[in-house]
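Here are some notes for a colleague who is opening this structure for the first time. Please keep the sequence and the 3D view at hand while reading the numbered points.

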There are 2 protein chains.
Amino acid sequence: MTLTGKMLIGGEAIAGSRETIRAIDPATNKPLEPGYPGGSGEHVDQACALAWAAFDQYRETSLAIRAEFLETIANEIESLGDELVERAVAETGLPRARIQGERGRTCGQLRTFARTVRAGEWLDVRVDTALPERQPLPRADLRQRQVPLGPVAVFGASNFPLAFSVAGGDTASALAAGCPVIVKAHGAHPGTSELVGGAVARAVTKCGLPKGVFSLLFGSGREVGIALVSDPRIKAVGFTGSHSGGIALCQAAQARPEPIPVYAEMSSINPVFLFPAALQARAEALAQGFVASLTQGAGQFCTNPGLVIARQGADLDRFLGVAAEHVRQSPAQTMLTPGIFDAYQAGVGSLAKHPLTQAVAAGLSAEGPNQCQAHLFVTQARDFLSDQALLTEIFGAASLIVQCADDEEVRQVAEHLEGQLTATLQLDEPDLQNARALLPTLERKAGRLLVNGWPTGVEVCDAMVHGGPFPATSDARSTSVGTAAILRFLRPVCYQDFPDSLLPAALQQSNPFHLRRLLDGQREV
Amino acid sequence: MTLTGKMLIGGEAIAGSRETIRAIDPATNKPLEPGYPGGSGEHVDQACALAWAAFDQYRETSLAIRAEFLETIANEIESLGDELVERAVAETGLPRARIQGERGRTCGQLRTFARTVRAGEWLDVRVDTALPERQPLPRADLRQRQVPLGPVAVFGASNFPLAFSVAGGDTASALAAGCPVIVKAHGAHPGTSELVGGAVARAVTKCGLPKGVFSLLFGSGREVGIALVSDPRIKAVGFTGSHSGGIALCQAAQARPEPIPVYAEMSSINPVFLFPAALQARAEALAQGFVASLTQGAGQFCTNPGLVIARQGADLDRFLGVAAEHVRQSPAQTMLTPGIFDAYQAGVGSLAKHPLTQAVAAGLSAEGPNQCQAHLFVTQARDFLSDQALLTEIFGAASLIVQCADDEEVRQVAEHLEGQLTATLQLDEPDLQNARALLPTLERKAGRLLVNGWPTGVEVCDAMVHGGPFPATSDARSTSVGTAAILRFLRPVCYQDFPDSLLPAALQQSNPFHLRRLLDGQREV
């Protein structure tokens, strides 16, 4: 398949009319063909009109057809074969094996949502049957189901060109919920986006769905992004990216005559707490595991462990020594884009110059463009508590170790943290009481708590939470990874005294989807 | 019990220091003793500090204890006896039977949430067990539960002094979720609020809960209300009231360093669609039912039918004629407050002067202060579509009949509507196809759809949705009435590879709450 440099608006290849976006191979700093002229407000309008026209039909597709659609997207992505892998490698600088793994995750995610759609629990069917004889007043027949919010705007992320991009988690969960999707591709990987967008569009056609179910736009965040979020036909937004980008979308969504929900996943420093017994028993292994998690993928994960908190002393010194040694031996890695590399360098530079931190170690020197060195810094808890700037995420393989005088300082540091995607506890049996005391704080701060693991690596499953209190995300009430993400794009509707033939299938008396309904206060088994 | 005119901050009676609020008996326009000096920013700070201190303990109370607490509140409210009924009647002008019914509803609501808490489905427990042998990567043990958001600010409504006020739906659902609650009482019924607040505070003590679980403040929306919503320890807001009030709280919540969810139920005109066969078969009965719903409680319901849409013709003329006659015979009724009465008069005056509407009928003249007459107006669909002002809610017993030339105009009017709490379809068998064609539009517009009923009367049950797209509410993803309201105040947390003894009870291997978990993708039965 030859890349065309065009957008996909309701399945039609349409050339943009604004400034051309061209991917850059970060390993060589060379631009990649073709160029992708950006879309305009008119293109946004076209895509929204098609999505709106498709909505009422798409949202009432049967569970079987919608699930098949998600599976067909996965099949079509796999059919792209090596071309997709090669283009994604060229556009991101990520290793081939990583892209292959991410493709597997992306297709697995689509198939997982297909299973979730078929199971139908997300419909949350509740039935309270009529009680005509009740005193003092009869009760009507009341039935509730969930319906999709409407067309969703999805903003692709730079750091997962497949799993958090055109057919990534936000798209999969919104389509699963019954929402048409308009993706604004991330400018760093337009070719990958075009390929995946084509796969989705072919699935739309193969499944006989209205063409407006999916569109793919290129263009600037300021023009295309804000126009999308401001369009009255868009009813929700999914975003993974920077704090400033997420906040801008939230503000645009709130400024609409009809405000809409924005699910922005923005920034997290993912604190790791090293408890005394664990640190004493296995400082070296912890240091090794920590640096492996820190440097994985050049640290370009939202769950990268950017903060380590422990009580000072000989055990922490051992941890620091070994971690420093591992960092010094870690090779430089190509970052996703020159812009991300520059931001990383600036962030590391600020921390290096910060009067309250000390640089402990840096990784091996760069041998090519956009290659970052890992960095380790250390500070004292009282200093950490004194400057909010030390809470800022540095996107990349940099981490700050906070040395605490005692358990009370550990607690103070934990309470001082902003909202996080994850918090990790490294503990052994004797640490359990200490950990238990800290848990209430961490539950208030983070969406996922880990024991004796590392935060990088986010499983796509029912129990996953990839979310957390602000500013980790704009809405802690949901997750962007895992099957519970479908709940983001739904709202309840109640049907009162409807004749059976007028009810949506999910609510009909014969229960054609075989759902375990909440029937007169009891869960059906 | 003697009313003290004091607030309740963590169970302590504390006198305010700002301008005194005094209820007015709307039937006589006479002020009622005692005065309630308003709270200041310091009182807000005290209540928030206590709520915050109580949060970690309260949120981990067992399901049994939390349920018992809700039931104890209901018992304590019932123990107030006639004093509560008499005070509420004096403060609202509502009939005694209505207040007694509302008390029953309020206590029933608390007991219903107690049952919901005990059932524990709201914890939405999801368990994905470890797969250590999985290739290419093992899977960790992942367990998800819902945790409460944090202390919630609740704003009492004027029109339900019990059911949507101090111990109303927002308070009950937030307490059920595990959130401490701070209520800002509505200034129209401070005595009722003090009585009910005392009942809640006694239940806190009887159940041995931390005293910060509940506080009751009086004061101005501008000072106490905004201070509450802006306090960093408040994590969500429940509000029932005017559009402008709700929007002000939403803006304050968004302007915080950490934005928080606001569940504001604001305005709705609750369209009623009369389909041809139903209109032909039973125009008179429909007219009678409509006017009964319109004038119930002086029309002071958020679900009051403020808009009727039908095809013009002889059948609609019959409906109009009978409805007009019923309106003319309807007695004037005392409204809740002089302010509400003035706003109603102004709204009716605007509609009467509007060049595109005609006044059809008005109810019997007032015989006392703050008594409103019911009003019926009529307009043509093309005129209705031409002026957004005709979409504005008039809080009270006024309704506008929109005459449509054909089905297409009916559809256009439906599409033209803003978000609504309810939409009603009056239909007979031959209308089913017409109704089916309109349903997709109505599902997008409203939270509850009714067939052959009237929108006033909101059942507290599992399937109820009292909510809807903006501007009916600020967040269509939830309901303020019914057991699903507990979901508003929760967020998911995932526990990865936790030792069993460190897990919260709901997630432990032994499943002590006997929950039907989603276990490795399957629902337990």
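1. How much space lies in the largest cavity? In this predicted model, the largest cavity holds about 170 Å³ of space, and the structure has two cavities of 30 Å³ or more.

2. The lining of the largest cavity is made up of 20 residues, and those closest to its centre are A:Ile269, A:Gly306, A:Thr392, A:Ile394 and A:Ala398. Strand S20 of chain A, which covers residues 398-404, gives the most to this lining, with three residues. Sorted by class, the lining of the largest cavity has eleven nonpolar, eight polar and one charged residues.

3. The second largest cavity has a volume of about 30 Å³, and A:Val154, A:Phe155, A:Phe164, A:Ser165, A:Gly168, A:Gly169 and A:Asp170 line it. In chain A, strand S9 (152-155) and helix H5 (169-177) each supply at least two residues of this lining, which by class has three nonpolar, three polar and one charged residues.

4. Turning to helix packing, helix H3 (residues 82-92) and helix H6 (residues 190-206), both of chain A, pack at an angle of about 155° with their axes 8 Å apart. Because angles over 145 degrees count as roughly antiparallel, H3(A) is roughly antiparallel to H6(A). The crossing in which H3(A) passes H6(A) is left-handed.

5. On the H3(A) side of this contact are A:Glu83, A:Leu84, A:Arg87, A:Ala88 and A:Glu91, which meet A:Pro190, A:Gly191, A:Thr192, A:Leu195 and A:Val196 in H6(A). The residues of the contact between H3(A) and H6(A) comprise five nonpolar, two polar and three charged.

Key: Residues are numbered from 1 along each chain as its sequence is written. Chains are lettered from A and ligands numbered from 1 in the order in which they are written. This is a predicted model: local features need pLDDT of at least 70, side-chain atom pairs count only at pLDDT 80 or more; totals for chains, interfaces and linings use all residues. Side-chain values use heavy atoms; hydrogens and water are left out. Axes are lines fitted to C-alpha atoms, for helices over the stretch in contact, and angles run from 0 to 180 degrees between N-to-C directions. Helices (H or I, at least four residues) and strands (E, at least two) are DSSP runs, numbered from the N terminus. Angles under 35 degrees count as roughly parallel, over 145 as roughly antiparallel, 65 to 115 as roughly perpendicular and the rest as oblique. A crossing is left-handed if the near helix is turned anticlockwise from the far one by less than a right angle, and right-handed if clockwise. Contact means heavy atoms within 4.5 Å. Ala, Val, Leu, Ile, Met, Phe, Trp, Tyr, Cys and Pro count as nonpolar, Asp, Glu, Lys and Arg as charged, and the others, Gly among them, as polar. On a 1 Å grid over the protein atoms alone, a cavity is a set of points where a 1.4 Å probe fits but cannot get out, and a pocket is an open set with protein on both sides within 12 Å along at least five of seven lines; lining residues have an atom within 4 Å of a point. Grid points are joined across faces, edges and corners, and a volume is the space filled by probe spheres set on the points.
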